[in-house]
Amino acid sequence: MRRSQIIRGVGITTMYLCFATPLLSAQRYTANDVVALVAEAMGGADRIDELRTLQFEVHHWRDGSEWFTGVWGIQRPNLIRKEYSSTVIFDGHRASIDSGPPGAPELVNADEWFHFPFDIACAFPAFFDHEPEYFGQHTVEGVDGHLLRVKLPLSGAVTYFIDAENHLPRKLDFISVVGDTEPEITWPWGLGDFREVDGVLL
């Protein structure tokens, strides 16, 4: 299976899917139906299957200005490498950080590992690699669409809002429980600025 390398920038906006309004429709969908629609909109199921490796720049913004940048590399379904002033690597089970000499790489605290599957899910739809659950048709900010929820490997779940018109992911929510007693944490993200790279919209 051929590997493809994708270069893209990442922008972040905010949206809370908890305010989604149910939408009544005569047509019934399943999770697989919606996943197939998204795959076709992004370039076709074959291209999605072929795409195993992604590399892209990440731009972090704060108070309206660029804060810092980095380069991420992802190998589906659950490997990620994040390069900033230090390098963080997650192998699907645990993570390490290397800040350069003289110290050797150190393990990241296990309480932080749940971040990495979420990072991957933001960069590439988790429902292509993990079993999704269909949560119906809804309207979010006046836009009709579908909700797909995916349980992530380590902790929590991510819910995608799929635009009913162009069948592209538009927004997502990540919910995670940290530890046995900590409350749920919700991180809302907006998705957009899709660009065609090597035959795939990302």
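How much space lies in the largest cavity, and which residues lie nearest its centre?

Mentor: About 80 Å³ of space lies in the largest cavity. A cavity here is a set of points on a 1 Å grid, laid over the protein atoms alone, where a 1.4 Å probe fits but cannot get out. Grid points are joined across faces, edges and corners, and the volume is the space filled by probe spheres set on the points. The structure holds one cavity of 30 Å³ or more.

Before going further, the ground rules. This is a predicted model, in which local features need pLDDT of at least 70 and side-chain atom pairs count only at pLDDT 80 or more, while totals for chains, interfaces and linings use all residues. Residues are numbered from 1 along each chain as its sequence is written, and side-chain values use heavy atoms, with hydrogens and water left out.

The largest cavity is lined by 13 residues, and P77, P117, I120, A121 and H130 lie nearest its centre. A lining residue has an atom within 4 Å of a point of the cavity. By class, nine of the lining residues are nonpolar, two are polar and two are charged. Nonpolar covers Ala, Val, Leu, Ile, Met, Phe, Trp, Tyr, Cys and Pro; Asp, Glu, Lys and Arg count as charged; the others, Gly among them, count as polar.

P77 has a backbone feature of its own. The peptide bond from R76 to P77 is cis, with omega near 5°. Most peptide bonds are trans. P77 lies in the loop between strands β3 (65–75) and β4 (79–83). Strands are DSSP runs of E with at least two residues, helices are runs of H or I with at least four, and both are numbered from the N terminus.

The next element to look at is helix α3, residues 115–123. Its buried residues are F116, P117, F118, D119, I120, A121, C122 and A123, and three of these, P117, I120 and A121, are among the residues nearest the centre of the cavity. Buried means under 20% relative accessible area, exposed means over 50%, and partly exposed is in between, with a 1.4 Å probe and protein chains only. With eight of its nine residues buried, α3 is largely enclosed by the rest of the structure.

D119 is a charged residue by the class list above, yet at 9% relative accessibility it counts as buried. Neighbours within four places in sequence aside, D119 is in contact with W72, I80 and K82. Contact means heavy atoms within 4.5 Å.

F118 brings in the aromatic side chains. A search of the whole structure finds seven aromatic pairs, where rings of Phe, Tyr and Trp (its six-membered ring) pair if their centres lie within 6.5 Å. The rings of F118 and F174 have centres 4.3 Å apart and planes at 25°, so this pair is stacked. Planes under 30 degrees apart count as stacked, over 60 as edge-to-face and the rest as tilted. Because F118 lies in α3 and F174 in strand β11 (residues 169–177), the pair ties together parts that are 56 residues apart in sequence. Both F118 and F174 are buried.

Another pair is F124 and F128, with ring centres 5.6 Å apart and planes at 45°, so that pair is tilted. F124 is buried at a relative accessible area of 2%, and F128 is buried as well, at 17%. F124 and F128 form one aromatic cluster together with F127 and Y160.

Buried residues make up 41% of its 202 residues. Of the contacts with a separation of 6 or more, 50% join residues 24 or more positions apart. The protein exposes about 11,200 Å², and carbon and sulfur atoms supply 50% of that. Such areas come from the Shrake-Rupley method with a 1.4 Å probe, and for residues only the protein chains shown count as cover.

How values were computed
1 Å grid on protein atoms, 1.4 Å probe; cavity = no way out; pocket = protein on both sides within 12 Å on 5 of 7 lines; lining within 4 Å.
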